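Subject: Structure for you to look at

Hello,

Here is the structure I said I would pass on. Please open it next to this message and follow along.

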Amino acid sequence: MLETAQIYGRHGVAEGLAGVTAEVIEGLSIASVAERRHGAAGLAELMAINYGLTLPRRPAHVGAGALGAVAVGPGRWLVLGAPPDLGRSLHGVASVTEQSDGFVPVTLSGPSVLKCLAKGVPLDLHAAAFPPGSAATTIVAHIGVTLWCLDATPRFALLIARSYWVSFMAWLIASGAEFGIEVVPAKGRG
Amino acid sequence: MKLPCPFCGLRDAHEFSYLGDAGPHRPETAEGFHDYVYLRDNPAGLLQELWYHGQGCRSWLVVERDTLDHSVTGARLARGGRS
Ligand SMILES: [Zn+2]
């Protein structure tokens, strides 16, 4: 069993630049938003007017400043960098649930990130099939993961249920070891 | 086998769990429950069946599958009601 303290630092190949860099994000506020019956139009309008965010109706991530949203199912989103008044401002059109403690956000980058993710993600993450903004909720090493492509570097963001994140990191570190993997803490952003 | 989730796209079958024939209507009363639970058809050919995308978008789907060769010819969200 991997201890939390053992997660951070450099793992595997120690020479040269790390092939994979994982940033474990602390303090990002996350809320789940589920549209109410007949609330779709009202929700879309309120999100656009109040937050400048167009909620995607397909598996995708959108960002507006410090705020982001990723669609995780029909009529369901996770809002990242969620403002404290989100529930109040969406009253009647959506059910909003605080999830900040529910997920650990991790961003992955580096020249070997695609090769590393290919060991567990059962999806084609090549830019041709999964360009920036694409998102998916799937399973990696028997652990549920919501992920999206942040930019064409490529850089990916992942959300892992907090109670599984140590197991997920064990998979990630084992999979990234041959490339050299660096795991660092980072401050939250939307 | 892969299933074409209307929300997520084409996904491996191991992300889903299978419930069975989407055809039978759950009876309103105890009357007819025996038939609903036990008397199921086992067709050789096209079948509309319920699958749950628990490791994806968490939607119930109605998938059309040929039980003879496992070819999948369609999928829709079950929440849309019966068609
Ligand atoms: Zn799905």
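Below is what was found in it, taken part by part.

Please keep in mind that this is a predicted model.

The seven-stranded sheet

In chain A, seven strands make an open sheet with mixed pairing, in the order β1-β12-β2-β8-β11-β10-β9. Its edges are β1 (9-11) and β9 of chain A; each has a single partner strand, so one side of each is left without a neighbour in the sheet. On average, and ignoring direction, neighbouring strands here are turned by 25° against each other. Within the sheet, four bridges link β2(A) and β8(A), an antiparallel pair. One place to look is A:Ala22, whose bridge partner in β8(A) is A:Leu108. Helix α4(A) packs on this sheet and touches β1, β2, β8, β9, β10, β11 and β12 of chain A. The direction of α4(A) makes about 140° with that of β12(A).

The nonpolar cores

The largest nonpolar core has 32 residues, and the members that touch the most others are A:Leu108, A:Phe168, A:Met169 and A:Leu172. Several elements of chain A supply at least two residues each, among them β2 (20-26), β8 (103-109), α3 (113-117) and α4 (165-176). Which element gives the largest share of this core? That is α4(A), with seven residues. As for A:Leu172, if residues up to four places away in sequence are not counted, its contacts are A:Ala22, A:Leu108, A:Cys116 and A:Ile181. There is also a second, separate core of 26 residues; A:Ala69, A:Trp77, A:Val79 and B:Leu61 are included in it.

The five-stranded sheet

Another open sheet in chain A is built from five strands in the order β4-β5-β6-β3-β7, with antiparallel pairing. Here β4 (61-64) and β7 (94-98) of chain A stand at the edges, and since each has a single partner strand, one side of each lacks a neighbour in the sheet. Strand β3 (residues 30-35) of chain A runs antiparallel to β7(A) and is joined to it by five bridges. In this pair, A:Val33 lies opposite A:Val96 of β7(A). Helix α1 (residues 40-51) of chain A packs on the sheet, in contact with β3, β4, β5 (67-73), β6 (76-80) and β7 of chain A. Its direction makes about 145° with that of β3(A).

The zinc site

Four residues of chain B coordinate the zinc ion: B:Cys5 (SG), B:Cys8 (SG), B:His53 (ND1) and B:Cys57 (SG), at 2.0 to 2.5 Å. The site is tetrahedral, with angles of 103 to 119° among the four donor atoms. Along the sequence, the spacing of the donor residues is C-x2-C-x44-H-x3-C. Are B:Cys5 and B:Cys8 buried or exposed? With a relative accessible area of 4%, B:Cys5 is buried. B:Cys8 is buried as well, at 16%.

B:Phe7

B:Phe7 sits in the loop between β1 (2-5) and β2 (9-12) of chain B. Its relative accessibility is 12%, so B:Phe7 counts as buried, the cut-off being under 20%. Apart from neighbours within four places in sequence, B:Phe7 is in contact with residues of chain A, including A:Arg57, A:Arg58, A:Pro59 and A:Pro74, and with B:Cys57. From B:Phe7 to B:Val62 there are 55 residues in sequence and 13 Å in space, C-alpha to C-alpha.

Regards

How values were computed:
Residues numbered from 1 in each chain as written. Chains lettered and ligands numbered in written order. Predicted model: local features only at pLDDT ≥ 70, side-chain atom pairs only at ≥ 80, totals over all residues. Heavy atoms only, no water. Core = buried A, V, L, I, M, F, W, Y, C linked by side-chain atoms within 4.5 Å. Buried < 20%, exposed > 50% of the residue type's maximum accessible area, 1.4 Å probe, protein only. Contact = heavy atoms within 4.5 Å. Donors = N, O, S within 2.8 Å, 3.2 Å for Na, K, Ca; no water. Tetrahedral: all angles 85-135°; square planar, octahedral: opposite > 155°, others 65-115°. Pairing = 2+ DSSP bridges. Axes fitted to C-alpha atoms, helices over the stretch in contact; angles between N-to-C directions.
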